[in-house]
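Here is a short briefing on one protein chain. Look at the model first, then read the points by topic.

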Amino acid sequence: MDPVRNPYAPGAGQRPPELAGRGRELEVFDIVLERIARGRPERSLMLTGLRGVGKTVLLNTLRSQAIGRLWGTGKIEARPDQSIRRPVAAALHMAIRELAPRHRAPDRIDGFLGVLKAFALRSAPAGRSSGGARLRDRWQPGIDVPAASGRADSGDIEIDLVELFTDAAEVAADVGTGVALFIDEMQDLGPEDVSGLCAACHELSQLGAPLIVVGAGLPHLPAVLSAAKSYSERLFRYQRIDRLDRIAADQALCAPAAREGVEYEQKALDLLYEKSGGYPYFVQAYGKATWDHAPRSPITPADVRVAAPEAEAELAVGFFGSRYERATPAEREYMRAMAALSRVAGGDGTAPGDDMDVAVSTAEIARSLGRRPASLSPARDALIKKGLIYSGERGTVAFTVPHFGRYLRTQPS
């Protein structure tokens with residue numbers, strides 16, 4: 001079939017042609033926005049899940065919902081070892097710029113921008129790890145007002161975020177709307193920044209102020225937040241984003257194809273679900289390859305079988321291989337031991353998703369390698385920092401990438 005008309009979109013954060021299986025999450029967020037608009041108390045939202053389940057796509061879609069309600073919005077992507085000051089300042093600057101044309105008091109906007117500039121430029125006190133000094137030396141926010149003094153400029157990120165968010169919420173309240181800050185890869189924030197965000201969200205929830213944080217991260221994000229503030233378990237609304245069920249996976253394939261006048265045989269859909277395991281990124285990858293190889297409609301199981309090796313080869317290079325190459329020999333050894341144990345725990349490796357997100361004991365990994373657990377801690381910690389594995393519970397680890405165990409078992413030692 002015509003590859004130019006191929007509707008599928010396997011890309012990082014790229015919205016698929018049919019956002020299937022996420023209706024509940026969109027509905028929940030719409031209720032959150034409406035409740036805040038009516039002055040009702042509401043919690044900030046955290047999306048968690050493995051890589052490839054569409055967290056970034058969903059985060060962007062939720063942002064579009066907020067924009068549709070005339071909220072001010074900004075989005076950042078957290079990075080390890082980077083202070084939150086610069087990205088948060090840039091995101092809130094964008095959000096307030098969206099609200100400014102509807103505000104009747106320009107001086108009020110300028111007053112907030114002065115506070116925002118002071119927040120962005122303030123370095124941390126000596127001994128703190130925010131990296132503020134480097135930021136002060138290398139970056140100037142594009143704000144044409146003088147920096148304010150005495151507000152959001154203490155250098156303590158917790159104090160400053162509380163004051164900054166409170167002021168931003170007041171500006172939004174002036175125009176009868178709200179502000180939403182979207183944070184992707186939130187598990188990569190430093191401990192002090194996480195603590196500051198939690199404190200700010202806690203203060204906002206008590207005030208009923210119209211500013212919310214919508215975060216997305218790996219499955220251990222709740223543990224990261226809880227380690228910073230024990231009350232975070234009650235502070236946020238958590239939503240686990242998982243692989244698509246069979247109905248949603250079929251919809252993701254069939255709806256865009258139908259718009260191009262193309263159909264699937266039922267057995268072709270059966271095979272595609274078996275291959276993809278229902279993970280949205282894989283659904284798109286197999287769908288794209290199958291479309292390119294199918295000679296005509298309807299698409300048959302034979303078309304899927306012919307196309308599958310191409311999809312798998314692309315995933316092996318772009319989705320799995322790029323991550324595998326980032327690991328050192330010691331880290332690869334650790335992951336291969338994990339893969340072997342996850343297969344024992346998950347089954348024979350033939351059912352869709354059977355070895356996905358299966359946590360394995362770090363003690364078992366050490367035994368399988370004939371090593372002491374303490375000697376493997378550097379490799380484990382490095383893999384967690386690289387986002388290849390996560391620890392959802394003490395003493396266990398799991399892959400952040402679906403199908404990664406299966407991929408590793410095909411790699412030579």
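Helix axes here are lines fitted to C-alpha atoms over the stretch in contact, and the angle between two of them runs from 0 to 180 degrees between N-to-C directions. Keep in mind that this is a predicted model.

**Two helices in contact**

- Helix α11 spans residues 266-276, and helix α12 spans residues 280-293.
- The two helices pack at an angle of about 130 degrees, and their axes are 9 Å apart.
- Angles over 145 degrees count as roughly antiparallel and those from 65 to 115 as roughly perpendicular. α11 and α12 are therefore oblique to each other.
- The crossing of α11 past α12 is right-handed.
- On the α11 side, Leu272, Lys275 and Ser276 make the contact.
- What kinds of residues form the contact of α11 with α12? Four are nonpolar, two are polar and one is charged.

**Salt bridges**

- Side chains of opposite charge can pair when their charged atoms come close.
- How many salt bridges does a search of the whole structure find? The search finds 25.
- Glutamate 260 pairs with arginine 5, and their closest N and O atoms are 3.1 Å apart. Glutamate 260 sits in the loop between α10 and α11, while arginine 5 sits in the segment before α1, so this pair ties together parts that are 255 residues apart in sequence.
- Both partners count as partly exposed: glutamate 260 has 29% relative accessibility, and arginine 5 has 35%.
- Arginine 237 and glutamate 42 also meet in a salt bridge, at 3.3 Å from N to O. Arginine 237 belongs to strand β5 and glutamate 42 to the loop between α1 and β1, so the pair ties together parts that are 195 residues apart in sequence.
- Arginine 237 is partly exposed, with a relative accessible area of 24%. Glutamate 42 counts as buried, at 17% relative accessibility.
- Lysine 288 forms a salt bridge with aspartate 292, with the closest N and O atoms 3.7 Å apart. These two lie four residues apart in helix α12, which means about one helical turn separates them.
- Lysine 288 is partly exposed at 32% relative accessibility, and aspartate 292 is partly exposed at 30%.
- Asp30, Glu34, Arg38 and Arg69 are linked in a network of salt bridges.

- Leaving aside neighbours within four places in sequence, proline 295 is in contact with Met1 and Asp303.
- The C-alpha atoms of proline 295 and tryptophan 71 are separated by 47 Å. The two residues are 224 residues apart along the chain.
- Serine 297 and proline 298 are joined by a cis peptide bond, with omega about 5 degrees.

**Backbone exceptions**

- Most residues other than glycine have a negative phi, and most peptide bonds are trans.
- Aspartate 81 is not a glycine, yet its phi is positive, about 65 degrees. Aspartate 81 is in the loop between β2 and α3.
- Is aspartate 81 buried or exposed? Aspartate 81 is exposed, with a relative accessible area of 65%.
- Glutamate 185 is not a glycine either, and its phi is positive at about 55 degrees. Glutamate 185 lies in the loop between β3 and α7.
- Glutamate 185 is buried, with a relative accessible area of 17%.

Note on methods. Residues numbered from 1 in each chain as written. Predicted model: local features only at pLDDT ≥ 70, side-chain atom pairs only at ≥ 80, totals over all residues. Heavy atoms only, no water. Parallel < 35°, antiparallel > 145°, perpendicular 65-115°, else oblique. Left-handed = near helix turned anticlockwise from the far one by under 90°. Contact = heavy atoms within 4.5 Å. Nonpolar A, V, L, I, M, F, W, Y, C, P; charged D, E, K, R; others polar. Salt bridge = Lys/Arg side-chain N within 4 Å of Asp/Glu carboxyl O. Buried < 20%, exposed > 50% of the residue type's maximum accessible area, 1.4 Å probe, protein only.
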